Amino acid sequence: MHELSIAMSIVELAQEEAERRDVTVDAVHLELGPLSGVVADALLFSYEMACNGTRLEGSRLVIKQIPIEVFCPACKTQKILSSMQWFCCPECGTPTSEIIHGKELLVTALEVRDECRTAPLGSA
Amino acid sequence: MSAEPRLLEVRKNILKQNDVVARMLRERFRGQGTFVVSLVSSPGAGKTAFLERTLTLLHPHYRVAALVGDLATENDAVRLARSQAPVKQITTGTLCHLEAAMVDHALAGWDIGELDFLFIENVGNLVCPSSYDLGENLRLVLLSVTEGEDKPLKYPTIFNSADVAVITKMDLAEVVEFDEESMKANIQAVRPGMRHFTVSAKTGAGLPEYLQFLTARLAELTQKTSV
């Protein structure tokens with residue numbers, strides 16, 4: 001279970017961006033491949049804990065699962081695998097370990113709002 | 001002032017920090033002509049016994065050392081030190097895997113240039129170590145004959161992060177009715193083209209082929225470095 005340390009890295013990364021741009025983060029968008037070795041459910045669970053006490057508290061983690069895509073040397077094209085137990089072209093059956101997608105563990109975007117200034121007008 | 005939500009594109013790799021350290025380590029190892037091998041497996045697959053034999057057999061002919069990760073104890077380091085090779089323990093506490101920075105930190109005080117081979121034994125775990133590059137040249141995934149032939153199908157991710165599979169405890173193969181062909185087929189299903197060795201740390205069977213493979217890889221590396 002290394003998802004908590006991964007979740008903490010995500011929060012840290014998003015926090016840095018938020019501070020640098022002076023924004024509030026509503027959601028973090030993540031691309032996750034099955035070959036990253038990270039489990040989506042465990043990550044979602046850990047994310048909430050990792051956010052506690054940070055400026056990301058209450059934000060959401062939106063995970064886009066990326067399928068495994070390999071290059072088939074016989075068909076000479078990219079194919080999406082239906083099972084990670086069978087690294088063969090789904091059409092012609094040629095074995096292949098040329099992985100193009102599926103290892104992603106990537107923050108792609110942040111849903112943000114500009115920081116609200118709560119101080120009343122004129123008080124500055 | 002009401003703040004409108006908007007989408008900010010970022011595209012940042014989460015493990016970038018680890019990957020940066022791993023890349024730095026890999027360049028350093030290459031520059032020094034040190035061939036680095038890491039070992040991953042489930043707990044009890046025989047990593048330490050296998051590594052102890054490896055170190056003992058290589059030690060008279062090559063300059064070898066090992067780093068060994070463990071959650072809590074130093075037992076493995078004590079066992080490996082019997083090979084006479086320098087060994088350092090990395091105690092990870094509750095962490096279930098090694099990270100590149102831990103390797104970097106553990107190497108402080110060691111002259112890498114003095115080494116032909118450095119072995120890194122990861123924490124026994126077939127899940128978490130797959131996410132972390134340690135800067136190694138070769139990652140071995142070990143699985144013992146007692147674990148069941150379908151292990152590769154259960155942990156395809158770790159097999160895809162490794163380069164070579166080592167089937168251990170072959171001395172027990174007959175007792176547990178180990179089906180080598182089925183294990184081989186399962187390895188090939190999750191990682192076509194993956195090379196494998198069958199060994200027994202107890203009897204020494206299969207170790208010469210594996211050591212020959214390692215020394216050939218070291219020769220390749222030093223050839224490249226000296227060009």
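Begin by selecting chain B, where buried residues make up 46% of its 227 residues; a residue is buried if 20 or more other C-beta atoms, placed from the backbone, lie within 10 Å of its own. The model is a predicted one, in which local features need pLDDT of at least 70 and side-chain atom pairs count only at pLDDT 80 or more, while totals for chains, interfaces and linings use all residues. Residues are numbered from 1 along each chain as its sequence is written, and chains are lettered from A, with ligands numbered from 1, in the order in which they are written.

Colour chain B by secondary structure to find eight helices and eight strands, which are DSSP runs numbered from the N terminus (helices H or I, at least four residues; strands E, at least two).

Next, select β2(A), β1(A), β6(A) and β1(B), which in that order form an open sheet with mixed pairing; two strands pair if DSSP finds at least two bridges between them. At the edges stand β2 (60–65) of chain A and β1 (6–13) of chain B, each with a single partner strand, so one side of each has no neighbour in the sheet. From one strand to the next, the twist averages 25°.

Within this sheet, zoom to β1 (residues 23–32) and β6 (residues 105–114) of chain A, which run antiparallel and are joined by nine bridges. Pick A:V28 there, and its bridge partner in β6(A) is A:L110.

Finally, select helix α2 (residues 40–51) of chain A, which lies across β1 and β2 of chain A and runs at about 165° to β2(A); axes are lines fitted to C-alpha atoms, for helices over the stretch in contact (C-beta atoms, placed from the backbone, within 7 Å), and angles run from 0 to 180 degrees between N-to-C directions.

Key:
Buried ≥ 20, exposed ≤ 12 C-beta atoms within 10 Å, placed from the backbone. Contact = placed C-beta atoms within 7 Å.
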